[in-house]
Amino acid sequence: MIDYDLFSVNQEIVQKLIDTALSKGADYADVYFEYATLHEFTMQDKAVNAAGIHTDYGVGIRAIKGDRTGYAYSESTDFTSMENAAKMAASIADGTVCAKRPANISQVKGMSLYPTEDNFASFPTEKAIDYLRYMDNLLFDKDKRVEKVIGRISYSYAKTLFFNSLGQISQDSGPLSSVSVSCILSDGSRTETASTSRSFRMGVEMFSNALAEEIVEDILKKASHQFKAESINGGEMPVVMGAGGSGILLHEAIGHTFEADFNRKGTSIFCDKLGKKICDSAINIVDDGTVPFNRGAISIDDEGVPGQKTYMVKDGVLNSYLHDRISAAHYGVPPTGNGRRESFRFYPLPRMRATYMENGNCTEEDLIRRVKKGVYVDTFSNGQVEIGAGDFTFFVQSGYLIENGKLTKPIKDINVIGNGPAALADIVAVADNFKMDNSTWTCGKEQFCCVSIGMPSVLVSKLVVG
């Protein structure tokens, strides 16, 4: 059952908005409604120092004519405001021949990948604060070096309704919950910091004691490494990238170059590589919107296309770009469910969801044994990437020196520098220890979208370590 009442509209009103958006000759138009609530709390020095409840509500209307896109939004769903937004979108698209109204309306449905009921009412403010306090106390109890803990918890629930000029209608609803904790530790002569986070498309069931304890253990493990680690001399050398968080390389330096808008415009290094071999045949790279409860999961994308699993690289061959409706029409292929937007205030773009590499056929120990002198890296933070070419610099928070096939000295505070497509081609072995990193990853391509990353350990034959 389509829930029109939430947005105070009906099918007739939505069709009038579509007709208005098409009125100056657009080939295609769509209307996107959104209602979202967000609760967030931050604890520092054992006291809540920030809290907020936010509500976002409105509609975005898009008109497309050839290569021109018109987009406008309204934070009100009274008809006059929405009609004005539709007229503005039509004027920006500025065409000459109106598209025809569809004869039939059909509902598009996706898989059920996360809860559709909002259960956050059973998690009042007191419980959220108690959860943060529980992690705070655990950290101070387990390690006497802990001096300060900053914890943040957030949970949101969003409902969307989508309608387009093809006669397709869809709706979606679901939660997103996140926990992040940062810790400052000191042993009297040295001060270090460590942090971690978790995020899932789940409701209050996510906030278990088991998850809190996992977060605390993760932070203390990272902190213990930091106290032992040292910097090293750099240079070009083999790099073993650990399972999980190393997927940041796939997302930033490689994944963006597979997004179809960059290829359609000729700015990606892969714009002429579709169907060609670009790396070792043991490599399969996926962008997947169908991982249950995953931060990047989408039952229906923001253009009314069901979420799906897309092989960008299959057996070393560039198999598919990531498409929204615009790029799919340009290439004459179906959209891949990658049309995503930050909110109703933005028009959709080709965006990643959960991006990962599938398992290989050797062990992580096999990779390490193949390296005479190099580094093993597993925890990353900020970096810089030139999206079109894929040139990157990533800051490595932790890892190990590899000497004669063994992990030796703990290392930190180094940069890994290279080119994404070249690094992909230089992967010479893939391990069988795939791990999804369920941290609070967010992609900032013009707008912000929730994503996930993951991969097994891989051996890159050469990267610059600085």
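Buried means under 20% relative accessible area, exposed over 50%, and partly exposed in between, with a 1.4 Å probe and protein chains only. The model is predicted: local features need pLDDT of at least 70, side-chain atom pairs count only at pLDDT 80 or more, and totals for chains, interfaces and linings use all residues. Residues are numbered from 1 along each chain as its sequence is written, and side-chain values use heavy atoms, with hydrogens and water left out.

**First stop: E230**

Please select E230, which is in the loop between α4 (209–228) and β8 (235–241); helices (H or I, at least four residues) and strands (E, at least two) are DSSP runs, numbered from the N terminus. E230 counts as partly exposed because its relative accessibility is 42%. Contact means heavy atoms within 4.5 Å. Apart from neighbours within four places in sequence, E230 is in contact with K409, P410, I411 and K412.

**Second stop: T20**

T20 is placed in helix α1 (residues 11–22). With 14% relative accessibility, T20 counts as buried. Residues up to four places away in sequence aside, T20 touches E83, A86, K87 and A90.

**Third stop: the nonpolar cores**

A nonpolar core is a set of buried Ala, Val, Leu, Ile, Met, Phe, Trp, Tyr and Cys residues joined through side-chain atoms within 4.5 Å. The largest has 43 residues, and F258, I283, M357, V375, V377 and L424 have the most contacts inside it. Helix α5 (residues 247–254) gives the most to this core, with 5 residues. A second, separate core of 34 residues includes F41, M206, A212 and I219.

**Fourth stop: the aromatic rings**

Rings of Phe, Tyr and Trp (its six-membered ring) pair if their centres lie within 6.5 Å; planes under 30 degrees apart count as stacked, over 60 as edge-to-face and the rest as tilted. By this rule there are 16 aromatic pairs. Select F380 and F394, an edge-to-face pair with 6.3 Å centre to centre and 80° between the planes. F380 belongs to strand β15 (residues 373–386) and F394 to strand β16 (residues 391–403). F380 counts as buried at 9% relative accessibility, and F394 counts as buried at 3%. Elsewhere, ring pairs link F41, F120, F123, Y131, Y155 and F207 into a cluster.
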